[in-house]
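The entries follow the order in which I looked things up.

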Amino acid sequence: MRPMPILTLITALGALQGAVMLGFILFRERHPKTTPLALLILVFSLRLATIPTWNAQTLISRPWIYPATASLPFLFGFLLWWHAREVCTPDSGRPKHLWIHFLPWVFEVLMLSVTIISCKPEEYRSLIESIFAGTPPLWLPIRNGLKVALNAVYVVLTARLAFGPASAELPTGRRLRLRS
């Protein structure tokens with residue numbers, strides 16, 4: 001067994017920190033309104049922790065890493081918006097149809113998994129090598145564009161909550177927390 005590279009160790013500690021923060025927020029704060037923030041910290045930490053695995057050799061040898069990590073950015077904007085909504089409207093309860101916001105992430109995980117499972121080993125190797133050679137299949141930049149677009153929509157919605165007319169009615173402490 002070869003030793004873990006220092007970058008992998010550091011990023012793994014970052015993911016562990018995200019898990020500790022999740023536990024702290026959920027169990028120390030003991031308030032369900034902090035759940036979106038805890039999930040955002042965890043998802044962001046997990047995504048950062050997987051950066052060292054984004055090389056052709058690792059993705060070829062461990063195909064499950066690709067769908068598990070490439071889809072995480074679909075959750076960033078949504079969890080940020082949900083957290084801002086919880087801060088801004090503390091008495092409103094969960095957003096209606098909360099599960100709908102998870103659909104882009106679920107869809108991406110399923111589509112990547114089906115793509116990988118349907119590939120023969122040499123096809124999968126060729127796919128990963130083409131990605132790292134800078135000639136990815138057309139569907140990859142389209143999906144990455146969808147991640148950016150969806151997150152941009154959620155950021156605009158979050159900014160409206162934090163800086164829009166409704167934020168003027170918030171108590172000062174809550175408004176500062178939302179804007180920070």
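**Entry 1. Ground rules.** I worked on a predicted model, in which local features need pLDDT of at least 70, side-chain atom pairs count only at pLDDT 80 or more, and totals for chains, interfaces and linings use all residues. Residues are numbered from 1 along each chain as its sequence is written, and side-chain values use heavy atoms, with hydrogens and water left out.

**Entry 2. The chain as a whole.** I looked up the secondary structure and found 9 helices and 0 strands in the protein chain. Helices (H or I, at least four residues) and strands (E, at least two) are taken as DSSP runs, numbered from the N terminus. I then looked up burial: of the 180 residues, 37% count as buried. Buried means under 20% relative accessible area, exposed over 50%, and partly exposed in between (1.4 Å probe, protein chains only). For contacts, meaning heavy atoms within 4.5 Å, I took residues at least 6 apart in sequence; 67% of these contacts join residues at least 24 apart.

**Entry 3. Helix α5 itself.** I noted that α5 (residues 73–88) has 16 residues and reaches 24 Å from its first C-alpha to its last, close to the 22 Å expected at 1.5 Å a residue. The expected span is 1.5 Å times one less than the number of residues. I recorded 15 of the 16 residues of α5 as buried, so this helix is largely enclosed by the rest of the structure.

**Entry 4. α2 against α5.** Two packed helices are described by the angle between their axes and the distance between the axes. The axes of α2 (residues 35–49) and α5 come within 8 Å and cross at roughly 155°. That makes α2 roughly antiparallel to α5. Axes are lines fitted to C-alpha atoms, for helices over the stretch in contact, with angles from 0 to 180 degrees between N-to-C directions. Angles under 35 degrees count as roughly parallel, over 145 as roughly antiparallel, 65 to 115 as roughly perpendicular and the rest as oblique. The crossing of α2 past α5 is left-handed, that is, the near helix is turned anticlockwise from the far one by less than a right angle.

I listed the residues that meet: from α2, they include Leu-40, Val-43 and Phe-44, and from α5, they include Leu-79, Trp-82 and His-83. By class, this contact has 12 nonpolar, 1 polar and 2 charged residues. Here Ala, Val, Leu, Ile, Met, Phe, Trp, Tyr, Cys and Pro count as nonpolar, Asp, Glu, Lys and Arg as charged, and the others, Gly among them, as polar. Among the buried residues of α2 I noted Pro-36, Leu-40 and Val-43.

**Entry 5. α5 against α8.** I found α5 and α8 (residues 139–163) packed at an angle of about 10°, with their axes 8 Å apart. The two helices are therefore roughly parallel to each other. Contributors to the contact include Phe-74, Trp-81 and Cys-88 of α5 and Leu-146, Tyr-154 and Leu-161 of α8. The classes here are 14 nonpolar, 3 polar and 3 charged.

**Entry 6. α6 against α8.** The axes of α6 and α8 come within 12 Å and cross at roughly 165°. These helices are therefore roughly antiparallel to each other, and the crossing is left-handed. I noted His-101, Glu-108 and Met-111 among the α6 residues in contact, and Arg-143, Lys-147 and Leu-150 among those of α8. The contact divides into 6 nonpolar, 2 polar and 3 charged residues.

**Entry 7. The loop between α5 and α6.** I placed Pro-95 in this loop and recorded it as buried, at 6% relative accessibility. Beyond its neighbours within four places in sequence, Pro-95 is in contact with Trp-81, Trp-82, Arg-85 and Glu-86. His-97 lies in the loop between α5 and α6 as well, but is exposed, with a relative accessible area of 51%. Phi of His-97 is near 50°, a positive value in a residue other than glycine.

Entry 8. Which residues does Thr-69 contact, leaving aside its neighbours within four places in sequence? I found Arg-47, Thr-50 and Trp-54. Thr-69 lies in α4 (residues 65–70) and counts as buried at 5% relative accessibility. Cys-88, in α5, is buried at 7%. The C-alpha atoms of Cys-88 and Ala-166, 78 residues apart along the chain, are separated by 8.3 Å.
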